[in-house]
Amino acid sequence: MKIIHTLLLFTFLSFTTSYASVNDFCVANLMAPDTPSGYHCKPLANITSDDFVFHGFVAGNTKNSFNAALSSTFVTDFPALNGLGISAARLDIAEGGSIPAHTHPGATELLIMVQGEITAGFFTTSAVYSKALKPGDLMVFPQGMLHFQVNSGKGQATAFLTFSSANPGAQLLDLLLFSNNLSSEIVAQTTFLDLAQVKKLKARFGGRG
């Protein structure tokens with residue numbers, strides 16, 4: 001019986017061990033399949049110092065529907081993050097722009113203000129936690145919470161974001177609602193929006209129906 005318990009414990013530990021915990025690092029081989037534990041490792045003989053450096057963490061193009069840009073360094077952008085449980089992004093929001101309500105199913109987010117003013121917040125079923133942020137301020141958005149960021153000041157606002165996952169994922173509420181082919185009548189009925197407004201938003205975000 002003692003042997004069985006030992007084997008069960010060994011099996012459990014084997015399944016709960018990620019690539020990062022059994023190796024010092026595991027630079028992702030993006031040509032291989034992604035798995036629940038992350039990407040398979042690039043052969044050690046092929047790894048150089050360049051694999052651990054990311055270039056291009058600069059302001060993105062804010063000329064779009066949201067007047068905002070996200071320059072990401074997720075595992076698919078920076079393979080050295082594979083298995084390490086971290087990633088980052090640069091957020092630039094033009095005056096009057098915003099990042100609409102969205103969630104990161106796979107990560108907690110930490111926002112670090114650098115320039116301008118951003119009003120940010122997240123929702124629960126019973127409350128909204130919102131604050132105007134200025135350079136030097138930080139705000140945390142717990143994993144899975146619906147949250148937003150709005151440029152509430154003059155000029156461009158910039159923040160750096162960090163995530164507790166190499167691939168946090170994102171679900172934008174506006175895109176989920178208005179970029180699909182679900183009939184406008186059903187969207188209107190389930191959101192209590194006017195049908196004309198739903199059709200207008202579908203046209204803006206590329207939806208059909």
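Helices (H or I, at least four residues) and strands (E, at least two) are DSSP runs, numbered from the N terminus. This is a predicted model: local features need pLDDT of at least 70, side-chain atom pairs count only at pLDDT 80 or more, and totals for chains, interfaces and linings use all residues. Residues are numbered from 1 along each chain as its sequence is written, and side-chain values use heavy atoms, leaving out hydrogens and water.

**Confidence**
- pLDDT is the predictor's confidence in each residue, from 0 to 100.
- The protein chain has an average pLDDT of 88. A score of at least 70 is reached by 89% of the residues.
- Over residues 4-18, pLDDT stays under 50. For this stretch the model has two contacts (heavy atoms within 4.5 Å) beyond four places in sequence.

**Disulfide**
- A disulfide is a pair of cysteine sulfur atoms within 2.5 Å. The count by this rule is one.
- Cys 26 and Cys 41 form a disulfide, with 2.1 Å between their sulfur atoms.
- The link of Cys 26 and Cys 41 is left-handed, with -115° about the S-S bond.
- The pair links distant parts of the chain, 15 residues apart. Cys 26 sits in the loop between α2 (19-22) and β1 (34-35), and Cys 41 in the loop between β2 and β3.
- Buried means under 20% relative accessible area, exposed over 50%, and partly exposed in between (1.4 Å probe, protein chains only).
- Cys 26 counts as buried because its relative accessibility is 1%. Cys 41 is at 31%, so it counts as partly exposed.

- Asn 67 has a phi near 55°, a positive value in a residue other than glycine.
- Asn 67 lies in the loop between β2 (38-39) and β3 (68-73). Its relative accessibility is 31%, so Asn 67 counts as partly exposed.
- Phe 192 is not a glycine either, yet its phi is positive, at about 65°.
- Phe 192 belongs to the loop between α4 (184-191) and α5 (195-205). Phe 192 is exposed because its relative accessible area is 77%.

**Nonpolar surface patch**
- Nonpolar side chains (Val, Leu, Ile, Met, Phe, Trp, Tyr) are joined within 5 Å, like charges within 9 Å.
- Phe 25, Leu 44, Phe 52 and Val 53 make a nonpolar surface patch of about 370 Å². Accessible areas come from the Shrake-Rupley method with a 1.4 Å probe; for residues, only the protein chains shown count as cover.
- Phe 25 lies in the loop between α2 and β1. At 32% relative accessibility, Phe 25 is partly exposed.

Terms used:
Patch = residues over 30% accessible without salt bridge, like charges linked within 9 Å, V, L, I, M, F, W, Y side chains within 5 Å. Salt bridge = Lys/Arg side-chain N within 4 Å of Asp/Glu carboxyl O.
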